[in-house]
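Below is a walk through one protein model, taking its charged pairs, its surface and its pockets in turn. Please keep the sequence and the structure in view while reading.

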Amino acid sequence: QACGDGDALAIGGNHFIHAIRRNIDINIILFNNQIYGLTKGQYSPTSKFGAITKTSPYGTVEHPFNPGSLVLGAKGTFFARSLDVMIQLNEEIMTSAALHDGTSVVEMLTNCAIFNDGAHKSLSDPAVRADRTIVLRHGEKMLFGKDNNKGLVLNGLGLRAVTVGEGGYTIDDILTHDAHSDNMGIHMMLAEMKGPDMPVALGVIRDVKDITYDDGVRDQVKEVMMKSKIHCMDDLLNSGSTWEVK
């Protein structure tokens with residue numbers, strides 16, 4: 001299911017969060033260009049605070065959604081994020097999403113050349129991308145930077161970006177990404193990570209197993225059928241309250 005930040009998070013927000021909550025076995029690709037592109041440039045639920053658009057000529061006065069936080073807040077079992085220009089990473093992510101049993105959500109940071117050109121340029125520009133983004137892969141150290149010498153460590157109750165070899169930090173101090181962990185707190189911190197000194201997390205942030213809506217309904221029907229005294233139409237017609245008409 002492909003959708004945009006406008007239709008998925010605004011008029012379709014109810015369907016979006018409940019599909020995730022129920023863990024229905026579908027794959028959702030959320031194209032986030034921080035604007036209503038097809039309907040001519042209104043600000044969307046992900047437009048930056050103060051964004052000047054067709055419907056906010058003096059700047060928006062709303063705080064935007066973070067799709068990752070929304071997905072995890074709805075108890076999502078799979079969330080990933082990528083940039084539209086990172087083709088190889090997108091192939092990896094979409095393969096993982098397709099293999100996931102349950103609702104997978106991939107937030108694709110895309111560019112709308114007409115109404116919001118350059119929305120993600122601060123991340124997608126090859127000159128700065130390595131220092132401003134971090135590609136997470138399960139089981140690998142959370143390293144980033146053009147020299148791959150920066151990493152993420154736990155700093156109290158939050159994350160901190162450090163340079164390996166400085167301040168006493170070694171490679172052993174750098175966190176290892178665990179996309180399958182039940183600890184949603186780390187996944188939430190990664191999804192919300194931003195700031196001048198912090199990279200934006202890309203890749204599969206969360207991928208955990210849980211019962212799906214599809215499996216739950218199937219198993220429930222099987223259990224009811226096994227316990228039921230009704231196995232054919234005659235059983236049904238002769239069940240419950242019956243009357244003999246004379």
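Arg 218 is partly exposed, at a relative accessible area of 41%; here buried means under 20% relative accessible area, exposed over 50%, and partly exposed in between, with a 1.4 Å probe and protein chains only. The model is a predicted one, in which local features need pLDDT of at least 70 and side-chain atom pairs count only at pLDDT 80 or more, while totals for chains, interfaces and linings use all residues. Residues are numbered from 1 along each chain as its sequence is written, and side-chain values use heavy atoms, with hydrogens and water left out.

The side chain of Arg 218 meets that of Asp 215 in a salt bridge, 3.2 Å from N to O. A salt bridge is a side-chain nitrogen of Lys or Arg within 4 Å of a carboxyl oxygen of Asp or Glu. Asp 215 and Arg 218 are three residues apart in helix H8, so about one helical turn separates them. Helices (H or I, at least four residues) and strands (E, at least two) are DSSP runs, numbered from the N terminus. Asp 215 is partly exposed at 22% relative accessibility. A network of salt bridges links Asp 215, Arg 218 and Asp 219.

The whole structure holds six salt bridges. One of them joins Glu 92 to Arg 137, with the closest N and O atoms 3.0 Å apart. Because Glu 92 lies in helix H4 (residues 87-99) and Arg 137 in the loop between strand S5 (133-136) and strand S6 (143-144), this pair ties together parts that are 45 residues apart in sequence. Glu 92 is partly exposed at 30% relative accessible area, and Arg 137 is partly exposed at 32%.

Lys 150 and Asp 131 form a salt bridge as well, at 3.5 Å from N to O. Lys 150 is in strand S7 (residues 150-155) and Asp 131 in helix H6, so the pair ties together parts that are 19 residues apart in sequence. Lys 150 is partly exposed at 28% relative accessibility, and for Asp 131 the relative accessible area is 28%.

Helix H8 (residues 213-227) also contains Met 225, which is exposed at 54% relative accessible area. Met 225 belongs to a nonpolar surface patch with Tyr 213, Val 217 and Val 221, and together they have about 370 Å² of accessible area. Patches are made of residues with over 30% relative accessible area and no salt bridge; like charges are joined within 9 Å, and nonpolar side chains (Val, Leu, Ile, Met, Phe, Trp, Tyr) within 5 Å.

The pockets come last. On a 1 Å grid over the protein atoms alone, a pocket is an open set of points where a 1.4 Å probe fits, with protein on both sides within 12 Å along at least five of seven lines; lining residues have an atom within 4 Å of a point. The largest pocket has a volume of about 830 Å³. Among its 34 lining residues, Leu 123, Met 193, Lys 194, Gly 195 and Val 200 are the closest to its centre. Strand S8 gives the largest share of this lining, four residues. The lining comprises 16 nonpolar, eight polar and ten charged residues.

Helix H1 (residues 5-9) supplies the largest share, three residues.

Definitions and conventions: Grid points are joined across faces, edges and corners, and a volume is the space filled by probe spheres set on the points. Ala, Val, Leu, Ile, Met, Phe, Trp, Tyr, Cys and Pro count as nonpolar, Asp, Glu, Lys and Arg as charged, and the others, Gly among them, as polar. Accessible areas come from the Shrake-Rupley method with a 1.4 Å probe; for residues, only the protein chains shown count as cover.
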